[in-house]
Amino acid sequence: MSRKHKNADDVFDRRLFIAAGVGGVVWAGLVARLFQLQYLERERYQRLAAANHIKLVMAPPERGQILDRFGRPLASQRQAGRVTVIPEQLSDPVATLAQISRLIELPDARAQRILDDIRNARRRNAAFLPVIVAQELTYEDFSRMQVHAAEMPGVDVQMASTRSYPRGRDFAHVLGYVARASAEDLERLTEGLGPEDRRTYQEMFRHPDMRTGRQGMERFAEDWLRGRPGRRRVVANAHGRPLWEPEQDPRQAAVPGKDLYVTIDAELQRIAIERFEGESGAAVLMEVATGDILAMVSTPAFDPNSFVNGISGADYALLRDDPRAPLYPRAHGGVYPPGSTFKMVVATAALEAGVVKPSDRVRCPGHYRFGNRTWHCWKRGGHGSMDMHEGIKQSCDVYFYEIARRTGVRKIAEVSHRFGFGEAFVLGMTGGRAGLVPDPDWKQRVRGEPWFEGETLNFGIGQGQLGTTPLQLALMTARIASGGAALRPRMIGLGPETNDATLDGPLDAAIMEIQKRGMYGVTSEGGGTAVRSGDLGLGGPRMAGKTGTAQVRRITAAERAAGRVRGGDDIARELRDHALFVGYAPHNDPKYAVSVIVEHGEGGSRTAAPVARDIMAAALRLDSGRTPKYQQQAATGTSPDGDPA
């Protein structure tokens, strides 16, 4: 072999050796790197890989139920079909919504609002939160969307939890309703929280499953009912669509809200509503011994289910502009002159002041002269000679003009407050009002005018500036029926404290007995203004009570002179007087007190008393001695659901 060939072979061998060495080093590096990735850093990369397809998402808490005294649901959760989109996963929101609209009904106005919500979510860095497209899907729409959802990245179709009011309008003004949290709600609900908790709760309230109480007990007991948010792990595909849920960490689970029990009996509530037969008005039924509210009716009412997923502007306008005011909480927020149902308060004040004895008589000729004015009795020809018993039984205005004048406005006002007038009771609701107990100080402060003694005469028959609620009238009646015992009204059997005051101002039992005898005369003695309403049809128990008529318009001098006060079909309905009745039963062992107002019903004996009679009869008929479910906790040491307390 020539020298030239030998040198070429040596060069080739060296190059091959170098190449093999470099290749070996590379392969050794690759093997070492693979060893590092596969073994030394395996757990780290497993965590990173999991993070790419396992997402932590907000888990809103299940809202607590609201139940009646026997555990019947008044507000609960139910499942309904829903479509949502995740803004950060949508490449073309307009095209996605167009695709959805070909599968289910999606009006243009609704689509535009969804696009606005998507833009707002992106602007506030919340594009990871779902935006609701459609709710309450029919079975057909839900099935159709599920079939095609895989074709639309960022679209989710699922059964979701939503608030439900199974008894509709029956409890609208007691429970209120829930709705999506507004900006104002978010500010109110997160006030006082630290930065981290504030962010968490803001994220929670923006979740499509979350609602917050807007009125009634739903708002008052928000903290009690809401629960605490959590997090859940979800496995998602490359498009971010949830596929399945791995094992969850119980420490991150949402804590459900607590159930709330009210003292109301749902069956009695329904009976009371039906008895109004479409009339506008209110009724309150109370247990005399405890102050528990068994029925609280405001009619007409609205359906709170309409508000859960957002009510349209047109539908809300129909409610707002309805002349019968279905949004108005009459039972605890409606303020009315009490009329003659107030006369027991005036009689109590007169007896306490010592200006009259029960046997003192006042002659009623049908009118009462004071100064240069004449006040009239409802009975044109007069009642003749009246003592206190007859004055209450026959509701003689002239008798009460006289004893009110003798007693004076300040004493009547003072006793009124002890009966609960002028006090706003929360009872776990919103919208309650205190009404007004007028006196000289109030008039001077508000109107800059002195009090005239003639105003005391109007005060004496429950008219003038005096304003009361049906709830207050039921409280007054319960205090009389109990002989003046201390009383604290209550409508939450198990739930947050309301801090309502106890009415414990002294009321003399002997004076209360005089009022009770007069009220028994109203319904059970000849000449009583509601003598046909005392018999409850139960073969024994009778109801005692007092009628009232709250004047809506001023009666003209011409009507007085002609001896014919216009009413009924002669005047517009909105000008007719309100009809009132308060009562308790059984008359000899009072268990329940009731107040009823029928707006523009004119005569208390004709329209309000029969309603009260039927509500009271139903209460006694249904009284089976059953213990309210929430009292089982105290009696047995268990929760109302049977778990250890």
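How many nonpolar, polar and charged residues are in the lining of the second largest cavity?

The structure is a predicted model, in which local features need pLDDT of at least 70, side-chain atom pairs count only at pLDDT 80 or more, and totals for chains, interfaces and linings use all residues. Residues are numbered from 1 along each chain as its sequence is written, and side-chain values use heavy atoms, with hydrogens and water left out.

Let me begin with the cavities. On a 1 Å grid over the protein atoms alone, a cavity is a set of points where a 1.4 Å probe fits but cannot get out, whereas a pocket is an open set with protein on both sides within 12 Å along at least five of seven lines. Lining residues have an atom within 4 Å of a point. Grid points are joined across faces, edges and corners, and a volume is the space filled by probe spheres set on the points. With these terms, a search of the whole structure finds 3 cavities of 30 Å³ or more.

The second largest cavity has a volume of about 50 Å³. Its lining consists of Arg-169, Asp-170, Ala-172, His-173, Val-174, Gln-269, Ile-273, Met-296, Val-297, Ser-298 and Ala-301. Two or more of these residues come from each of helix H6 (172–175), helix H11 (266–275) and strand S12 (293–299). Helices (H or I, at least four residues) and strands (E, at least two) are DSSP runs, numbered from the N terminus. To answer the opening question, the lining of the second largest cavity has 6 nonpolar, 3 polar and 2 charged residues. In this classification, Ala, Val, Leu, Ile, Met, Phe, Trp, Tyr, Cys and Pro count as nonpolar, Asp, Glu, Lys and Arg as charged, and the others, Gly among them, as polar.

The largest cavity holds about 80 Å³ of space. Among the residues that line the largest cavity are Gln-135, Glu-136, Thr-162, Pro-208, Arg-211 and Asn-309. Strand S3 (73–85), strand S4 (131–137) and strand S5 (155–164) each contribute at least two residues to this lining. By class, the lining of the largest cavity has 3 nonpolar, 5 polar and 4 charged residues.

By class, the lining of the second largest pocket has 16 nonpolar, 9 polar and 12 charged residues.

Where does Asn-309 lie? Asn-309 is in the loop between H12 and helix H13 (313–321). With a relative accessible area of 26%, Asn-309 is partly exposed; buried means under 20% relative accessible area, exposed over 50%, and partly exposed in between (1.4 Å probe, protein chains only). Not counting residues up to four places away in sequence, Asn-309 touches Gln-135, Glu-136, Thr-162 and Arg-211, where contact means heavy atoms within 4.5 Å. Its side chain makes polar contacts with the side chain of Gln-135 at 3.5 Å and with the side chain of Arg-211 at 2.9 Å. A polar contact is a pair of N or O atoms within 3.5 Å; within protein, one must be able to donate a hydrogen and the other to accept it, and residues adjacent in sequence count only if both atoms are side-chain atoms. The C-alpha atoms of Asn-309 and Pro-208 are separated by 9.7 Å, although these residues are 101 residues apart along the chain.

Next, consider Lys-516, in helix H22 (residues 509–524). Is Lys-516 buried or exposed? Lys-516 counts as buried because its relative accessible area is 13%. The side chain of Lys-516 reaches the backbone oxygen of Ala-481 at 3.3 Å.

Finally, the cysteines. A disulfide is a covalent bond between the sulfur atoms of two cysteines. Here the criterion is a pair of cysteine sulfur atoms within 2.5 Å, and the structure holds 0 disulfides. Cys-377 is buried at 4% relative accessibility, and Cys-396 is buried at 0%.
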